Amino acid sequence: MEIEMEAIQESDELKIPDQLPLLPVRDVVVYPYMILPLFVGREVSINAVDKALSSDRLIFLATQKDLSEEDPTPESIYQVGTVAMIMRMLKLPDGRVKILVQGLAKAKITSFESVDSCYLVNIERLVEPPPPEESLEVEALVRSVKDQLGKIIALGKTVSPEVIVIVENMQDVGSLADLVSSNIGLKVEDAQALLEISDPVARLTKVNEFLAKEHELLSMQAKIQTAAKEEMGKSQKEYYLREQLRAIQHELGETDSRSEEMVEIRKQVEAAKMPKTIEKEALKQLGRLEQMHPDSGESSMLRTYLDWMVEIPWSKSTRDSLDIKRAQVILDEDHFGLEKIKERILEFLAVRKLRKKMKGPILCFVGPPGVGKTSLGKSIARSMGRKFVRMSLGGMRDEAEIRGHRRTYVGALPGRIIQGLKQAGMNNPVFMLDELDKLGSDFRGDPSSALLEVLDPEQNHMFSDHYINLPFNLSNVMFIATANQIDTIPGPLLDRMEVINLSGYTEEEKLEIAKRYLVPRQTKDNGITSKKITFTDESIKALIASYTREAGLRNLEREIGGVCRKVARHVAEGDNRRFMINAANVSKYLGPPKFIREPEAEKNETGLVTGLAWTPVGGETLHIEATIMNGKGALTLTGHLGDVMKESVQAALSWIRSKSVELGLSDDLFQNIEIHVHVPAGAIPKDGPSAGVAMATALVSALTKIPVRREVAMTGEITLRGKVLPIGGLKEKILAAIRAGIKTVIIPYQNEKDLVEIPKLILKKVTIVTAKEVEEVLQVALERYPLSTPVMQKPDVPKKKPSVGKMLVTSRKGVSA
């Protein structure tokens, strides 16, 4: 419904009541004599409009301070507003009301009243001072405002033509200020500030300041747009001229270098034999590159990306050499021993021969440094006829090293996996991930988590590098990881790999490896020939026993290299004789021996036991000393022992006290003595769950004054009931015992099954005794058995070197050889 109302004639004598309905408005400030439409939707506002229409059609318009407030309070409404008359009203279908209002006069709210769900306000009309007399200052101000308005209109400010005509003909200062300010798009705060200025000249001066500021902003905006347009025009002009030049060269039968480059890239993409979806993406990016300006930053980025795309071996692969006998010959040529690993590689080749398409195995070689893990990977690649790629993971902390960087970054590159494949030039190399146990992580990500996708056969056929951003099939790659220990490898990553342990080498294995590989390599590296130097077997054994003590071979090769350098100097000085290196003259080249057997191990002593320990670099012997002194029952532990070893001593002592009668010890003995247990090399931390039997033997020996056999070493944990518990690292510990000259090794009975994994060559060097209870350990380790009733027949442990291959397996029932 529309209500038509007659136009309001301007009248200075208009009677305005002291109380009017309040209509809060948003986003606009209404000035006197200003006509504008308003949309009213809030219930309070509609009630105010109805109340005004029911009386004299006058309403008070005031602006909200917070435009988002739906229910404004008196505090959130400006006090100064405009009395307006509602000229027309139209009810809309959505419930809102559209009104056309005309401002009449300024007024100020003196108080608020809430009546019939709307505000009634008491107002006080604000009467402006009379217009100033005409003066040069006022006329100049009026002209300045009109001139500034014309300038901003010329710069693109939108003002209706009717307003421009009215402004040109208007001379009243106050009306001119109100008309201009209502049409130049001022902020609500600035427009309200102008409304509250009563003096017409001051108000027009403020409007002139706003116009000057707007003129500066529009001038700067026009300048920026002109510069951008000129740059765009320049680029378009260059592109147009370049296209013309290309057309002219084409007509003349010539081609430019960029066209040749694009054609060459297209040929490379087609020759790369990419999968269809990947080739489609590469051609799409090439099309984008052809349309780009060659000097743009994105052009160089796309050019580098396409170079990587065509150099990645999407379909290039080497043909596997499936001759199993030849592969075995190659493996035997490169490495001595390591039968288990060689067998695993030959099994893979056999399956590959029977089944053409299969996923590559993911192996993990775990062992001490210097045992040949990395060189073994090269031999595997050679035996299979594949390329070999090695990537060191030690200290890597950034996930992008595996997955690559996003192309949006400056200097972005693919990850090391894709880089390695590009380096190999084939998509099925032997890929070695070295030092897997030394991965790190920080705020840049966790590389070990990124490797989960790489090393998972169910996922790596769709491996996505962040830089390439396309799937690549890694299932043809044979991944081999290496590590010194598996404790620091995350469980989910370890679960994806087949772990193969590489223990240390025996003296015989080291001798054979030195003769086959180390000596020839060092003589060649130091510029001498086999005609100038000869190493006897005894000299190499002397180097192994007296100058190195390691599970691997690095120090041995280093010492052989030291001898070769000394000989090389003599040869360089003109000495042409043949140098024979034997056990007697090794010290002449390398100085005195670095490792000698400890003096206390030369005879049987009470309270001194040889234990066996496992370390990340191989097995080690551990001497445990116990001594008894007068005191008050104190127990002293020294040697930088860990909590587990301290608890082993406590458990051993508790078992001894429970067996004091059988051991012939008095009940009050432990109250009148002090026991001191020490493990030499106190600066080295020691811990682990395999020293219990050694601790118990040392304490029993010290308490009963019965010496311990020096040629016996032992490993195993005990319980308070005297049971011997199984341990790990058996092969490494047995090798350590052999290096120390031990003849008999006592191991837990439950570790007997692990002897199958130990080569017979090692077992021939030592007598193995298994034990279920501590009493069985004491019966073998001590010179005489301390218990009143033996638990088993005492085996005859020879004082000299035992017969080759003899192994004692003990139980509570007796001894079986």
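1. The structure holds five cavities of 30 Å³ or more. The model is a predicted one, and the points below should be read with that in mind.

2. Take the second largest cavity. Its volume is about 50 Å³. The residues that line this cavity are Arg549, Gly619, Glu620, Thr621, Ala736, Arg739 and Ala740. By type, the lining of the second largest cavity divides into two nonpolar, two polar and three charged residues.

3. Which elements supply at least two residues each to the lining of the second largest cavity? They are strand S18 (618-630) and helix H23 (730-739). Strand S18 gives the most, with three residues.

4. Next, the aromatic rings. A search of the whole structure finds four aromatic pairs. One of them joins Trp314 and Phe472: the ring centres are 5.3 Å apart and the planes stand at 50°, so the pair is tilted. This pair links distant parts of the chain, its two residues being 158 residues apart. Trp314 sits in the loop between helix H9 (297-311) and helix H10 (324-334). Phe472 belongs to strand S12 (residues 471-472). Are these residues buried or exposed? Both Trp314 and Phe472 are buried.

5. Phe431 and Phe479 also form a tilted aromatic pair. Here the distance is 5.6 Å centre to centre, with 40° between the planes. Again the pair links distant parts of the chain: Phe431 lies in strand S10 (residues 430-434), Phe479 in strand S13 (residues 478-483), and 48 residues separate them. Both Phe431 and Phe479 are buried.

6. The charged end of Arg407 is over the ring of Tyr305, 4.0 Å from its centre. The charged end of Lys422 is over the ring of Trp308, and the distance to the ring centre is 4.0 Å.

7. Now look at helix H5 (residues 188-195). Its residues Val188, Ala191, Gln192, Leu194 and Leu195 are buried.

8. Leu470 comes next. It is found in the loop between strand S11 (463-464) and S12. Its relative accessible area is 13%, so Leu470 is buried; the cut-off for buried is under 20%. The C-alpha atoms of Leu470 and Gly527 are separated by 50 Å, with the two residues 57 apart along the chain.

9. Pro21 lies in strand S2 (residues 19-25). With a relative accessible area of 6%, Pro21 is buried. How far apart are the C-alpha atoms of Pro21 and Asn469? They are separated by 66 Å, and the residues are 448 apart along the chain.

10. Finally, Trp655. Its place is in helix H21 (residues 643-658). Trp655 counts as buried because its relative accessibility is 1%. From Trp655 to Ala583, the separation of the C-alpha atoms is 48 Å. Along the chain, Trp655 and Ala583 are 72 residues apart.

Methods
Residues are numbered from 1 along each chain as its sequence is written. This is a predicted model: local features need pLDDT of at least 70, side-chain atom pairs count only at pLDDT 80 or more; totals for chains, interfaces and linings use all residues. Side-chain values use heavy atoms; hydrogens and water are left out. Rings of Phe, Tyr and Trp (its six-membered ring) pair if their centres lie within 6.5 Å; planes under 30 degrees apart count as stacked, over 60 as edge-to-face and the rest as tilted. Helices (H or I, at least four residues) and strands (E, at least two) are DSSP runs, numbered from the N terminus. Buried means under 20% relative accessible area, exposed over 50%, partly exposed in between (1.4 Å probe, protein chains only). A charge sits over a ring if NZ of Lys or CZ of Arg is within 6 Å of the ring centre and within 35 degrees of the ring normal. On a 1 Å grid over the protein atoms alone, a cavity is a set of points where a 1.4 Å probe fits but cannot get out, and a pocket is an open set with protein on both sides within 12 Å along at least five of seven lines; lining residues have an atom within 4 Å of a point. Grid points are joined across faces, edges and corners, and a volume is the space filled by probe spheres set on the points. Ala, Val, Leu, Ile, Met, Phe, Trp, Tyr, Cys and Pro count as nonpolar, Asp, Glu, Lys and Arg as charged, and the others, Gly among them, as polar.
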